[in-house]
Amino acid sequence: MSRLGASLTGSYLAYQFQNLILGPDEAEARKKMFQKKSSRRIRHELEELKGPVMKLGQILSMQGQALPPEVIEELAHLQARAPAMHPTLARAQFKGVLGRNPEEIFQSFEPEAFAAASLGQVHRAITRKGERVVVKIQYPAIRSAIENDFKLFRSATLPGQFSGHFPAEILDEMQTGFLRETDYQQEARNIEFFREELAPLAYMRLPKVFPEYSGDRVLTMSEVEGRSLDIFLKTNPSPQLRNLFGHHLVELYHFELRCVAAIHADPHPGNYLFCSDGTIGLVDFGCVKYFSPGFREIVQCFINRVWENGESESERMLRLLFGRKASLANPKARDMLTAAIELFQLIFPARRPGNTKVNFGDPEIITKMSQIFRKSLQSKLTNPEFVFASRAELGTYNLLHALRAKVDTADAKDRVDRFVEGCLVQLPNQPEKAGK
Amino acid sequence: MKRPAPKASRRAQNPASDAGPRQKKKDQTRARILRVALDLFSSRGFYRTTTRQISRKAGIAEGTLFNYFATKEDLALYFFEQELEKLIQWFEREKPLRKAPLVEKLFAIVHRHLEQISPFEDFVGAVYLRALQPASKLHPISLDSQSLNLRYLRFIREVLAEAENEGEIPPVGDLGAWAFALFHVGIVSFWLHDASPGKERTLALLDRSLKVARTILRRGGDWNW
């Protein structure tokens, strides 16, 4: 069975990588071979395998326009569900980590999980003091499974590494990221860090860690309320509310980039919990990317629109993006930079005065972004630091797209600007009314 | 030369029998011997512990010890019978588990067994090696271990039969119980060598292999030999 799974997903991955590397015409021909039935089978296999392959499925499903819709629909299921550990296994793993059974520690503990995470599952519980908590339990031995899968993954992508389309540094970055996700103690530190750093965003709600009931494979946190995106959308929220959430999400993303210098890099919809009062709960801090000074400089280049200051500045920006060897003399590099700038200008269309409202319901932004990803792989221009940053960016725009949000992005940027300059201590819940 | 087997096996089947005070005292002594022996095994090792040391620590004459357990292997056999008895009684008490799917039940049985024997890991490791010797009383096909094996097989057969009746798995018959017994032994030896934190690799192996087995069984075929 697992052999069957490995061979199936093996060919599936090969298909995906081919697709990324091949030009659009050949890819189109291959896409037709892909039936819904097979994508469902793939999802089942991915769920069986758990771990990184499933994570990869999630990333692929966030590629929006890059994949055929029927595949996305199937892969999207991966984001919220995974096969459960039965109660006995979950208890055994809990005891293996904390030395006692859950019912010896908590006042009550729900044996059935209410949510699945790719590396484990989440149970509700009530502490002896009566606090409502969620307990995340990791599937046993997931770490060694990931290490094994990556060995396989590395040998499978050897041609890509050889040709330079899939550099080893990218694989290293992915492996480090995924393995970090298996360490719940690291996740607890991430939560504490973000609780402090995101405190100025009054509309963000983050969980609190209970270290006394946590270990490296069990993490107990306070429960965060709210509805996941698909359920929230089913309640027919008003355009105002959708736009408000859109505004918050753009602001959050820029606040993380510019003020926190770290980003919640697992942006799948299940991790955002929407409340009708306009607040957003953010959970699952397993995958967090802390940025290097170089990356922060890149962000600053975009914010300051340095390309408007002449070729030498553009050249500097390009080197920051793709390394010392990159040069505007290389047409591919020039192409990439132009595309990145175009994307930025799509999201921040112009300066005031003027219409600075961006309609994220328009698929153009996501299409553009997928094109850039594809281009960067095809032209061998990559930067390992982008692996998780772009995952977060694309995830944010996918959320905004699903919300069909119209956001005054210049206003969101201004608010973050003023915060950076120290004019604001806290970013208030309501954005300034546009067009005032 | 084989010495006559002590009566431990039959006794283990009915540990709480309503025997007289004499019998009760005998059972207590037997339990005490096992307790001190296990202590000694864990501090000195199974092979280096002598029957003399056991009898001295248990406060009985060496000859008396011989009346209870002719060899250290008999002691080990008695240990496993006791553990099996505890396991079966535990399973019968676990009402919610009785309604769980077969995969979970079997997982729970093996996992509970491992939890029970985990304080005596070194001892169990030594006994497992010993059991591989064809002349050993602990060998799976030795006459001395028969009643232990039968008790185990009947227990598993019952659990499997329940799932067969519920239509959870196709009829697997006695072969299913035998196959599971082999698997159980395999898991214990994997567990003995599992150095992962909380022995989580054993948990994963146990879970994954039971699920694979279920998938294979459901795929069809005649397993009832």
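Which residues have the most contacts inside the largest nonpolar core? In this predicted model, they are Val218(A), Phe360(A) and Phe107(B), and the core they belong to has 121 residues. Helix H13 of chain A, residues 239-260, provides the largest share of this core, with nine residues. As background, nonpolar side chains tend to be buried together in soluble globular proteins.

Let us stay with Phe107(B) for a moment. Setting aside its neighbours within four places in sequence, Phe107(B) is in contact with His86(A), Thr88(A) and Leu89(A) from chain A, and with Leu206(B), Asp207(B) and Leu210(B) from chain B. Those contacts lead us to the place where the two chains meet. There, twelve residues of chain A are in contact with 16 residues of chain B. On the chain A side, helix H6 (residues 87-98) gives the most, with six residues. Sorted by class, that side has six nonpolar residues, six polar ones and no charged residues.

Now cross over to chain B and look at helix H11, residues 200-218. Its 19 residues reach 27 Å from the first C-alpha to the last, close to the 27 Å expected at 1.5 Å a residue. The buried residues in H11(B) are Glu200(B), Thr202(B), Leu203(B), Ala204(B), Leu206(B), Asp207(B), Leu210(B) and Ala213(B). What do the buried residues of H11(B) pack against? Their partners are H6 of chain A together with two helices of chain B, H7 (102-117) and H10 (173-192).

Stepping back to chain B as a whole, its secondary structure comes to eleven helices and zero strands. Of the 225 residues in this chain, 29% are buried. Among its contacts between residues at least 6 apart in sequence, 65% join residues at least 24 apart.

One more core deserves a look: a second, separate one of 13 residues, which includes Cys301(A), Trp307(A), Met336(A) and Leu337(A).

Notes:
Residues numbered from 1 in each chain as written. Chains lettered and ligands numbered in written order. Predicted model: local features only at pLDDT ≥ 70, side-chain atom pairs only at ≥ 80, totals over all residues. Contact = placed C-beta atoms within 7 Å. Helix = DSSP H or I, 4+ residues; strand = E, 2+ residues; numbered from the N terminus. Nonpolar A, V, L, I, M, F, W, Y, C, P; charged D, E, K, R; others polar. Expected span 1.5 Å × (residues − 1). Buried ≥ 20, exposed ≤ 12 C-beta atoms within 10 Å, placed from the backbone. Core = buried A, V, L, I, M, F, W, Y, C linked by C-beta atoms within 7 Å.
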